[in-house]
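Have a look at the sequence and structure first, then read on.

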Amino acid sequence: MRIADAEVIVCSPGRNFVTLRLTTDDGISGLGDATLNGRELAVASYLNDHVLPLLDGRDPFLIEDIWHFLYKGAYWRRGPVTMAAIGAVDVALWDIKGKALDTPVYNLLGGQAREGVLVYGHANGLDIDATLQAAARYVDMGYRAVRLQTGIPGLPAVYGVGRGDLFYEPTSQDMPDEESWSTEAYLHHVPKLFAQARDALGYNVPLLHDAHHRLTPIEAARLGQRLEPYDLFWLEDAVPAELQEGFRIIRSHTTTPLAVGEVFNSIHDCQQLITEQLIDFIRATVAHAGGLTHLVRIAHLAELHHVRTGCHGPVDLSPVNLAASLHFGLAVHNFGIQEYMRHTEDTDRVFPHAYAFDDGYLHPGDRPGLGVDVDTELAAAFPYRRAYLPVNRKLDGTVHSW
Ligand code: KDG
Ligand code: MG
């Protein structure tokens, strides 16, 4: 069997998605998600102009060899564009292998290690009451874990709380929206959110929170301490993680569990965080961290150091990425939790899929391969539109992390 055709499908059924479809000479197709939110066409070009010509005629079963051929062969290593492109090829090859062997991908990764993949939903609100109402809705829908984000008094717009319902932030089309930030206001407000959440929801629902890289280590340490009474499942992205040793400061001051990694693209971004046990959950994404092949490597390193997985699973990645995350989560021993935001109906129609939510868990289904498809005719009805994530500024105008 040989790779005979490769196609990059760019569409925007609510958000932009870049999908790679590889097809073999005997007609088996595999899909990979190559979406990089706000920089989509860079990955499409990397694939079309540089990677796809290298795949023609290769044996699709040689997943490990092709991974290293693309990673080491480029000379230029790592980086979000490169690793998203390699990840898409990798996942498409796993999909092909599953279909060729007539088995779901999770069987190729070691088999089902649990009944289902525990997920968390996003409860967002402009104020604490609205956030808690959204959380109650998630609990009613059967979710067993919920992430809470709330607006901050005095800040007109805060990323992650925009719509307050099932979908995530819209992106802006012409120029990025600019949001405002005050660490002081945030640190003052967030503990109140969790105090009220525990009063309303009790202690049986695992609660999570995302700080979106906006703090310094000592600020994160202070927040972690203040949140200890409310027993968080995790505090996510407390600080930007380029400086891995920065987490030592947070770790030495608080027992609140720490999660990080949604912007990581290789094991080298997290090896110190993992081997020094500075985090509890690694959030690297299948699509952005070099595909299943590389993410399994990260998970195995993490397992040695008591770190569990908690893969990023936003709506700005397609159902192809979510399906791959579910096969990974079902099979990997040190799975922790999976992020799950519901896609729009248009996205679900463009990407029909076998995975299903039941009683707080997702299951990838038992179809051979990933169990997700792309309707290219329908996809063509949703053309790409340039879109940007927002930019964050402190109240004095300084550009800040988000
Ligand atoms: O593209 C960026 C989003 O995926 C990210 O901001 C979402 O922080 C996020 C999360 O935890 O899902
Ligand atoms: Mg996040």
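Predicted model: local features only at pLDDT ≥ 70, side-chain atom pairs only at ≥ 80, totals over all residues.

The crossing of the two is right-handed.

Who touches whom? Ala42, Val43, Tyr46, Leu47, Val51 and Leu55 come from helix 1, and they meet Val81, Thr82, Ala84, Ala85 and Val89 of helix 3 (contact means heavy atoms within 4.5 Å). Sorted by type, the residues of this contact are ten nonpolar, one polar and no charged.

## The magnesium site

Asp210 (OD), Glu236 (OE) and Glu262 (OE) coordinate the magnesium ion (ligand 2) at 2.0 to 2.2 Å. Along the chain, its donors are spaced as D-x25-E-x25-E. Aspartate 210 sits in strand 7 (residues 207-210) and glutamate 236 in strand 8 (residues 234-236), so the pair, 26 residues apart, links distant parts of the chain.

Are these two buried or exposed? Both aspartate 210 and glutamate 236 are buried (under 20% relative accessible area; exposed is over 50%, partly exposed in between, with a 1.4 Å probe and protein chains only).

## A loop glycine

Glycine 27 is in the loop between strand 2 (17-24) and strand 3 (29-33). Its relative accessible area is 54%, so glycine 27 counts as exposed.

## Reading the numbers

Residues are numbered from 1 along each chain as written, while chains are lettered from A and ligands numbered from 1 in written order. Local features need pLDDT of at least 70, side-chain atom pairs count only at pLDDT 80 or more, totals for chains, interfaces and linings use all residues, and side-chain values use heavy atoms, leaving out hydrogens and water.

How values were computed: Donors = N, O, S within 2.8 Å, 3.2 Å for Na, K, Ca; no water. Helix = DSSP H or I, 4+ residues; strand = E, 2+ residues; numbered from the N terminus. Left-handed = near helix turned anticlockwise from the far one by under 90°. Nonpolar A, V, L, I, M, F, W, Y, C, P; charged D, E, K, R; others polar.
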